[in-house]
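Please consult the sequence and the structure shown below while reading. The paragraphs that follow lead from the helices and the ligand to the domains and the surface.

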Amino acid sequence: MSLWEDIITIIGEKKDKTTLSLLKEIKKVELKENTLLISAPDDVFKEWILSNFIDDIKTCASKLIGQKLTVCVISEEEKEREHKKERKKKQIREEKPYRFYRLNPKFVFSNFIVGSSNKIAYSACMSVADNLGKIYNPLFIYGDVGLGKTHLLHATAHYVLSKNPDANVIYTTADTFMSELISCMQQGSILEFRQRYRDVDLLLIDDVQFLEGKERTQVEFYHIFNALHLIGKQIILSSDTPPSMLTGIQERLKSRFVSGLVVEIKPPDLETKLSIIRKKAKEIDLDLPHDVILFISKTVNTNVRELEGSLQKLKAYSQIMERPITLELARDILKDILKVKNVEELTIQKIQKEVANYFAVNLNDMLGNSRRKKVALARQIAMYLSRYLTDKSLTEISKAFKKKDHTTIINAIEKIEKGMEKDRKLKLTVEFLRDKILTL
Ligand code: ADP
Ligand code: MG
C-alpha cells in the first residue's frame, strides 16, 4: 500500500464516508525530501484540505515515515496558472528584441562618422550612454531628415545593451508609440501599456514631431515621461524641429523636452561629407575616383541618406555596365537626383573665372587670342575643364570661348590630356583646379 493510502486509512477511521471518498479522489501525492506534495484537483478542494486535514495529515505522515515532514498542497488549477505565467514571460522575453528594440544592427557608434556638424550630438549620446539618467535627462536631438538622428538613437541603445544586456531599453518612434497606445486602449490593456513604459532604464522616442496635435497620446506620454524622470531613468528624444518650433504640443510637454540638453545635428560640412562618402563607398565595395567623390559631395546636397542613395545607384550601374565609375558617368547616372535638387549649375563662366584667377591672367586676355604662354595654358585648361566638368556640348563651349568652331576646343582637350600623362606638374595643377571648382 502506498503512503497516501495508509494515511487515508488512519485518518479515515475518525471520518464519515463522504469525506473518505473525497479524500480518495486525490491521486497524486509525492514525497520529495522532507515534503509531502499533495495535488488537489482544484482550488476549492485545496482549501478544504488545508482547513480541515492539514494537521492530521502532517502528524500521520510524519509518524509513518519516522521523521518530521512538511505538507504542501497545490491545486491543478494553480499549476496551470503558473504554467501560463511562465509561458507568457517566455514569450515576452522572446518577443522583446522585435517588439521593443527594433534596432538596426548597422546603426552603431563605430559606423557613425563624426564631423563638426554632428559632434555635439554624438558626444552627448556617448556621455548619456555612459551615465544613464545622471547627466542630461532628457537628451533632445533635432535636425533635418537623413542627418543621423535615428542612427545615433540606435547606437546609444546598442551601446547600453552591450554594456548591460539586461538593461531594459525601449526604442520606439512617436507614431508607433501612439498606435500601440490606441490598440492597448481598445483591448482594455492600458495598464499593461503604462507598466511596460514605466519599467525601463532607457527610453528612446524617435521623431516626437509626430505627437503634434495628438492630445491623448501626449497626455499618456507626459505621465510616462514624468514617472521615468522622477526616478532618474534616461529619456532620449529626437525631432526634425527644435522644441520651440513644435506646434500642437502641450506647453508642459515642451518644457519637459528642454529641461535636459537640447542638441542640433546640422547638415554635414564638405569635409564630413567626403569622409561619409568614402566610408560608405568602401562599405558597399564601390571604388570611386577622387573627382567623383568630390562631385557627389558637392552636388548631392546635405542629406546623408541621399548620399547613400546615390552611392547605391552608382554601384548598381557600375555592376550592370561592368565598368568603373568616371566623373562623366557619375554625372549622367545621378542626373535625376541632381535635377530634383536643382543644384546650382556649374557654368563655363565659373570655370573660366577660377582658372584665370589661379593663373593670375586677365579674363579678357584668356578669352581673346593672346599667345602668351601663361594665358594660352590657362585657356586650354579652362577649355579642358569645361568639357570635363559640365555637360555642355563642344559648340556651346566654343561659343563661351568666343571661337568660331570647335577644333580649337578639341585640340586644347587633347593637348591637356596628353600633357597630363607626361607632365606631373601640369597634372597636379589641373587636378587642383578641378577639385577647387567642384567644391565651389
Ligand atoms: P534621420 O533619423 O536623422 O532622418 P538616419 O539616422 O535615418 O537619419 O540617417 C539616414 C542614413 O544616413 C542612415 O543610413 C545613417 O546610417 C546614415 N548616416 C547619417 N549620418 C551619418 C553619419 N554621420 N555617419 C554615417 N552614417 C550616417
Ligand atoms: Mg529618423
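Predicted model: local features only at pLDDT ≥ 70, side-chain atom pairs only at ≥ 80, totals over all residues.

Helices here are DSSP runs of H or I, at least four residues in length, and they are numbered from the N terminus.

An oxygen atom of ligand 1 lies 2.6 Å from a backbone N or O atom of glycine 146. Glutamate 308 places a polar side-chain atom 2.7 Å from an oxygen atom of the ligand. In lysine 280, an N or O atom of the side chain is 2.8 Å from a nitrogen atom of ligand 1. On its own, ligand 1 has 550 Å² of accessible area, and the protein covers 93% of it.

The domain assignment divides the protein chain into domain 1 (3-78), domain 2 (109-264), domain 3 (270-334) and domain 4 (348-438). Between the C-alpha centres of domain 1 and domain 4 there is a distance of 104 Å.

A further feature is found on the surface. Ile10, Leu31, Leu64 and Ile65 together form a nonpolar patch with about 300 Å² of accessible area. One of these residues, isoleucine 10, is located in helix α1 (residues 3-12). Is isoleucine 10 buried or partly exposed? Its relative accessible area is 39%, so isoleucine 10 counts as partly exposed, a class that lies between the limits of 20% and 50%.

Terms used:
Residues numbered from 1 in each chain as written. Chains lettered and ligands numbered in written order. Heavy atoms only, no water. Patch = residues over 30% accessible without salt bridge, like charges linked within 9 Å, V, L, I, M, F, W, Y side chains within 5 Å. Areas by Shrake-Rupley, 256 points an atom, 1.4 Å probe, with all protein chains shown as cover. Salt bridge = Lys/Arg side-chain N within 4 Å of Asp/Glu carboxyl O. Helix = DSSP H or I, 4+ residues; strand = E, 2+ residues; numbered from the N terminus. Buried < 20%, exposed > 50% of the residue type's maximum accessible area, 1.4 Å probe, protein only. Domains from an automatic or database assignment. Polar contact = N/O pair within 3.5 Å; in protein donor to acceptor, adjacent residues only side chain to side chain.
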